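Here is a short note for someone opening this model for the first time. Please keep the structure in view while reading.

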Amino acid sequence: MFTDKYAKSISFLLENARDVIKYRLHKEILCDLTETKENELLEKVMQTPDYKLLLTHVKPNGYIGIGMHSWEKFKTSPLDDGENAARLLHNYRIPKETPIVKNFVKALRDDKILEEEFSYYNPEKVRFSTRSLG
């Protein structure tokens, strides 16, 4: 299926890459995952330090972090930001059926939750209330 040039790179990654890369390589490039193997690899991804850190920023309403493009002074870590949280979930290919993703998407679609989340700082209140204007 792959040329020798790619086979060498793939072998190297399977031996040396971190769990996220191995998961994505099997899932998206090799397409060789059984359900059991996919669950095993996904569980390893969910044990990574960044994913575990992200879990500490999940709020009861499902939103993750503070605002969407929060100022550094409001963050306790880079993952304490809605955009960075969404990026990590996407890059790690956390399935959309996973409660953390389902709840985050639900929060992002709820104007009441968003208004509450974007009210942490007065300029953000104004930005939220005028977000639909030109």
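**Notes on aromatic pairs and helix packing**

1. Tyr 63, Phe 104 and Phe 118 form one aromatic cluster. The model is predicted, so local features need pLDDT of at least 70, side-chain atom pairs count only at pLDDT 80 or more, and totals for chains, interfaces and linings use all residues. Residues are numbered from 1 along each chain as its sequence is written, and side-chain values use heavy atoms, with hydrogens and water left out.

2. How many aromatic pairs does a search of the whole structure find? It finds two. Rings of Phe, Tyr and Trp (its six-membered ring) pair if their centres lie within 6.5 Å; planes under 30 degrees apart are stacked, over 60 edge-to-face, the rest tilted.

3. Tyr 63 and Phe 104 are edge-to-face, with 5.5 Å centre to centre and 75° between the planes. Tyr 63 sits in the loop between helix H4 (49–55) and H5, Phe 104 in helix H6, so the pair ties together parts 41 residues apart in sequence. Helices are DSSP runs (H or I, at least four residues), numbered from the N terminus. Both Tyr 63 and Phe 104 are buried, meaning under 20% relative accessible area with a 1.4 Å probe, protein chains only (exposed is over 50%, partly exposed in between).

4. The ring centres of Tyr 63 and Phe 118 are 6.4 Å apart and the planes are at 70°, so this pair is edge-to-face. Phe 118 lies in the loop between helix H7 (111–117) and helix H8 (122–129), so its pair with Tyr 63 ties together parts 55 residues apart in sequence. Tyr 63 and Phe 118 are both buried.

5. Helices H5 (residues 82–91) and H6 (residues 99–108) pack at about 140°, axes 12 Å apart. Axes are lines fitted to C-alpha atoms over the stretch in contact, and angles run from 0 to 180 degrees between N-to-C directions. H5 and H6 are therefore oblique to each other. Angles under 35 degrees count as roughly parallel, over 145 as roughly antiparallel, 65 to 115 as roughly perpendicular and the rest as oblique. The contact (heavy atoms within 4.5 Å) involves Gly 82, Ala 85, Ala 86 and Leu 89 of H5, and Ile 100, Val 101 and Phe 104 of H6.

6. Helix H2 (residues 19–30) and helix H3 (residues 35–45) have axes that come within 8 Å and cross at roughly 150°. That makes H2 roughly antiparallel to H3. Among the contact residues are Tyr 23 and His 26 of H2 and Leu 41 and Leu 42 of H3.

Technical notes: Helices (H or I, at least four residues) and strands (E, at least two) are DSSP runs, numbered from the N terminus.
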